[in-house]
Structure formats: structure tokens, C-alpha cells
Amino acid sequence: MPDADAVPPPRAVAYTAAMTPADPDVRLMLRYRDGDATAFDALYSRHKDGLYRYLLGLCLDAATAEDLFQEAWSKLIAARHRYRPTAKFSTYLYRVAHNCFVDHYRRRRSRGREEDADAVTLPAREGDPGRETERALARDRLQRLLAELPTEQRDAFLLREEGGLTVAEIAAATGVGTETAKSRLRYAYRKLREGFAALSGAGGGRGDG
Amino acid sequence: MADPGDDRDRPGVADESVSRSYREAARERAPAALDERIRAAARRKPVRRSWQRPLALAATLALAVSLVLQVTAPGDEPASAPPHEPAHAPAADTPAQGPAEPGAPVTRSPAAGTQRTGRDAAGDRQRLSGSRGLSNYALQPDRPEADAALNKLGRASRKAAESLGGEAAEPVSVRCSEHVDDASAWAACIAALEAAGETAAAERERRGWEARHGQDEAVAR
């Protein structure tokens, strides 16, 4: 696989060297837009796990997260010819994923299933709980803490942690004002901090839920 | 993946611990099966349906042309008009029954009149109605109201002429042959001739009208 950041000499591209953006992800996306499939491999490798964790934390359901993950990348692939570097690539990618989640949420509500929209569907535990590793317990606790957050706050938190988006970028991706995004982030961090502290104080006793 | 350079908008210093705790716990990775599927989709060439644009253009053009023809075509027939037989060309008539000169006396045998009352007459009426539109709708076949309308027109013209007194008694100088192509106008002219007392000319015109339009009982008597 070629180096992800190595920009080859321009072929039939729609931008000039002077216009080459600083964001390496944008450069990769532009290369992919212009027909270089290897650029997509590099781009995908850089963002796939973060995007998957974002959707998993947002949906709290592995199957739905996988569906939305595939849908988001498919949309990006299908729209590559219309791509214009107007923002950071991560902002663009996570906005696409956020919209996929919103669409999914609306579809679900239209089917009258809004009552369990925030229900946690954690992976089933295997074997004796006493033999679970500390990492599995930590993941379990995190999922439960995230599930206790309102969807908007969870969304803002995950965009920050997984996408590395700034407050302004979170506001743009979610379609709210900057102050609203900042408020959501602040509440999310506060609740999670309290939750982690409570779990630490209780010695991880909430793992069984 | 948070960029340290963006820390200026961090909600608070204590959030670093939350981020650390989160990163320690959140270590899921995208399923390998999805990796392969998405990478394969990305390598696929986009399907270019080159036939779609020309097809859409051709369909649009065809629709536009048909619409323009429909709007500009003369002699739209009413929707309630019965289906027509194929138009019958007058040239297919026998020489003795060819289109008579409007002004010339028409010599017509009873047998010829009988022949004219069939398909020939219907064809003539249909040709007229097809080319004249609503104004000749009354001349369509199997419409007894056509005769009634023409009779009514004749009576009205006669009454009008009588009400005019002396003026109506004067010879009518109108040449009905000017209306040879317009059955209704021609019929009205004939009625005016009769009202004016020019019975010979009226009879001549009436025969011409019948020969042309094949409506034996149409002209007001």
C-alpha cells in the first residue's frame, strides 16, 4: 500500500499545486475523487475505527452501527465526484455519518419505535462474568455511561473524541449554534466525569448493570 | 483523535481524565468483513449510463413536438364526436357525380341522388367536419339536428327578409358560390334567396349544395 500522505504528481486533476490543501485527508480525498483508488484505502484506514466507534457509541447497538458505518462510507464513495474541500475531511466524514444516524433515527421513529430508541444493546457476555478482563468491564461501563447521556450530548462528545472536531465543527455538523454545541459538550463531560468517578469509587460494581 | 491544537475550546481541564478513560475503554474496531466490502465498493468504477441523457432528450423533444402539433393543428373535433369512417375523396366519384360547379345547374338523376346518400355523402360531410371544426359539427353523419338547424336557419332568414319589406323584395345580389366551402353559410345564402323570391336561383343553389354536401333534406324548403 502506498504511503498515505505521499501526493503523486498531478494527473488530470482539477486543482493545482498552489491549491493543494494542507489537510492530508483532503489531499487523499481529492486524489480519490480524481480516480486514485489507493488514496481511498489510505483514507479509510485512517478513519474507519474512529468512525465505527462514533456510530457504535451513538447507536449503542453493534448491528445498527455496522449498517450506518457502511451507509456513510457508501455515501462518501457515491458522492466523490462532487467533493469540494470546503472544510476538514473529518468534519465532512462525521457530518455524513451524523446525517445517516439522524435519518436512521427518524425512520425508526416513523415506525413507532421511538420508545426504545435509546435502549442499550450490549454484546452478550460470554462465559463466567468473573473471568472477564478488566478491559471488557471498562468497555461495558463506558457503554452504560454513554447510554445515560441524552443523544445530543452523546453525539457531541463522540464527535469531539472520535472525530477530533472543534466546538464550531460540532455545531456545523449537527446543525446547531456554537453555544448549544459547547453546552452539550460541557454537560456530557461533566456527567461522564461523575459517572467514571462513581464507578471508580464503587470498584466497578455497576458492571452487571 | 482530538487534535491538541484545538484544546482552546475544551470544556474544561478535568475533561482530560474523561478522554483518557474513554480511550482506554473504547477500543472497538470496524469489522473486517465491512472493510473488504467498502474497499471493494470504492474500487468499483462508477456506472455511467450513457444512454440515459440522449433518451431523455429524445423523449422530451418528442413530447414537445407532439404538444406543439396538437395545439397548432386546425379543426379540433369535439370529444363527443363519433368515430369517423375513412375520408372519401370526391375524385373517386363517378364522372357524372363529380363536384358540381356551384353556379352551374346540376343535373342529377334520382338514381344518382340515391347513390349520393350513402357513403359518398357521409364522406363529404366528414371531410367538411374534419377540416372545418365546430362550425360544421352539425353536418356530421347520423345527426338529425343538422337538418333541423339548417331548416331553422332558412326560416329565420326568410322571416328577416319579410320583416324588411320592400328591401327584401329586391333581388339578392349575393353570390352563394362564395360560400361553397362553408355548408352553413351556403345554406343561409340559399334561404336568403328563397326569402327574396329568387326561387330559381335558390333551387339551383340548393341542388349545388346537395351535390356538394350530400344532405338531401337539409336545405329549408
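Author: A residue counts as buried if 20 or more other C-beta atoms lie within 10 Å of its own C-beta. The model here is predicted. By that count, 39% of the 209 residues of chain A are buried.

Reader: What makes helix α6 of chain A enclosed by the rest of the structure?

Author: Apply the cut-off of 20 or more C-beta atoms within 10 Å. Helix α6 spans residues 151–163, and eleven of its 13 residues are buried, so the rest of the structure largely encloses this helix.

Reader: Which residues of α6(A) are buried?

Author: Q153(A), R154(A), D155(A), A156(A), F157(A), L158(A), L159(A), R160(A), E161(A), E162(A) and G163(A). After α6(A) comes G164(A), with a positive phi near 70°.

Reader: How many helices and strands does chain A have?

Author: Chain A has eight helices and zero strands. From the N terminus, its elements read α-α-α-α-α-α-α-α.

Reader: Which hand does the crossing of α2(A) and α3(A) have, left or right?

Author: Right-handed. Helix α2(A) brings L51(A), Y52(A), L55(A), L56(A) and C59(A) to the contact. Helix α3(A) brings A62(A), T64(A), A65(A), L68(A), F69(A) and A72(A).

Reader: What does F69(A) touch, leaving out residues up to four places away in sequence?

Author: F69(A) touches L51(A), Y52(A) and L55(A), and also A30(B) and L34(B) of chain B. Contact here requires C-beta atoms within 7 Å.

Reader: What makes a set of residues a nonpolar core?

Author: The members are buried residues of nonpolar types such as Leu, Phe and Ala, joined through C-beta atoms within 7 Å. The largest such set has 59 residues. L55(A), L68(A), F69(A) and A97(A) have the most contacts inside this core. Helix α2 of chain A, residues 37–59, gives the most to the core, with twelve residues.

Reader: How do you know where this core lies relative to domain 1 and domain 2 of chain A?

Author: Look at who contributes. Domain 1 (21–114) and domain 2 (127–204) of chain A both give residues, so the core lies between them. Another core, of 16 residues, lies apart from it; its members include A187(B), I190(B), A191(B) and L193(B).

Technical notes: Residues are numbered from 1 along each chain as its sequence is written. Chains are lettered from A and ligands numbered from 1 in the order in which they are written. This is a predicted model: local features need pLDDT of at least 70, side-chain atom pairs count only at pLDDT 80 or more; totals for chains, interfaces and linings use all residues. A residue is buried if 20 or more other C-beta atoms lie within 10 Å of its own, exposed if 12 or fewer, and partly exposed in between; C-beta atoms are placed from the backbone. Helices (H or I, at least four residues) and strands (E, at least two) are DSSP runs, numbered from the N terminus. Domain bounds come from an automatic or database domain assignment. Two residues are in contact if their C-beta atoms, placed from the backbone, lie within 7 Å. A crossing is left-handed if the near helix is turned anticlockwise from the far one by less than a right angle, and right-handed if clockwise.
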